[in-house]
Amino acid sequence: MSDSLQFKQDLLGAIPSLRAFGVSLTQNSDKADDLVQETLVKAWDKQSSFQPGTNLKAWLFTILRNEFYSQMRKRGREVQDSDGAMTARLAIHPSQHGSLDLEDFRAALEKLPEDQREAIILIGASGFSYEEAAEICNCAVGTIKSRVSRARTRLQDILKVSGEADYGPDAIAAHVMGSGAGV
Amino acid sequence: MSDEENTEQHEAARQGGHLDPLGTNTEIGRKLKQFYDGIVSDDVPDRFMDLLSKLEAADSGRKKD
């Protein structure tokens with residue numbers, strides 16, 4: 001397989017995670033897809049600067065993130081929409097089942113500042129190490145750690161859940177069964 | 001070192017050296033993955049496949065010149 005064909009395959013494989021990261025940043029799937037498109041074009045152009053064998057996903061996430069912040073600077077703060085329509089549509093309703101609803105979660109995630117949101121997504125969902133996330137965000141590892149920690153605390157506050165990890169898996173089982181919601 | 005980092009390290013030690021304060025045994029950790037994986041598992045729109053094919057075609061066109 002030619003290098004360029006391999007590169008194309010690798011880019012294709014990365015699209016689902018790029019979209020998820022894009023939605024996490026923009027909170028809008030159209031904007032996210034535009035961001036992914038820009039990322040793919042830039043990645044293709046910069047192909048020769050990618051070192052085969054290094055982490056392609058981290059490299060692509062870095063491009064997407066840079067693109068997001070440069071668009072945001074261009075548009076002013078329009079992208080950030082913490083009190084806007086999206087938030088209203090995703091307003092938090094008291095859960096009827098006592099279990100945390102995914103829409104509640106999205107709305108809570110939206111309330112986080114970008115730096116905390118991207119940190120908690122990179123670490124908690126995209127599967128990057130703290131070191132990789134620090135590289136993607138161009139900051140110190142300690143900064144990522146503190147952002148993740150603040151994001152987690154903030155989400156727990158907004159959603160009024162406790163950090164059950166402290167009590168281990170049994171507490172979760174009890175919680176799930178006690179809530180009667182099933183998951 | 002902050003208290004927060006200390007706590008994380010205790011947790012890490014307890015979880016066999018794996019630093020995982022957002023693990024699947026936390027409500028936040030689970031929702032985070034559910035939110036993200038939901039998007040990851042969406043079908044990739046055709047526009048991206050088309051785009052990559054165009055980029056590739058443009059490249060091979062250039063090389064022939």
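Residues are numbered from 1 along each chain as its sequence is written, and chains are lettered from A in the order in which they are written. In this predicted model local features need pLDDT of at least 70 and side-chain atom pairs count only at pLDDT 80 or more, while totals for chains, interfaces and linings use all residues.

Reader: Into which domains is chain A divided, and how many residues of domain 2 take part in the contact?
Author: Chain A is divided into domain 1 (1-76) and domain 2 (96-183), with bounds that come from an automatic or database domain assignment. Counting two residues as in contact if their C-beta atoms, placed from the backbone, lie within 7 Å, domain 1 of chain A gives 10 residues and domain 2 of chain A gives 11 residues.

Reader: At which residue does α1(A) bend?
Author: Helices here are DSSP runs of H or I with at least four residues, strands are runs of E with at least two, and both are numbered from the N terminus. α1(A) has 24 residues and reaches 32 Å from its first C-alpha to its last, close to the 34 Å expected at 1.5 Å a residue, where the expected span is 1.5 Å times one less than the number of residues. The bend, the angle between axes fitted to the seven residues ending at a residue and the seven starting there, is about 40 degrees; a proline, A:P16, follows within four residues, and the bend is at A:I15.

Reader: Which element gives the most to the side of chain B that touches chain A?
Author: In the contact between the chains, 28 residues of chain B meet 40 residues of chain A. On the side of chain B, at least two residues each come from α1 (3-14), α2 (27-40) and α3 (46-64). With 11 residues, the element that gives the most is α2(B).

Reader: How far apart are the end C-alpha atoms of residues 103-155 of chain A?
Author: Residues 103-155 of chain A carry the UniProt annotation "domain: RNA polymerase sigma factor 70 region 4 type", also from an unreviewed entry. Over residues 103-155 the chain is 77% helix and 0% strand, and the end C-alpha atoms are separated by 13 Å.

Note on methods. UniProt positions are given in the numbering used here, feature names are shortened, and annotations may be inferred rather than shown by experiment.
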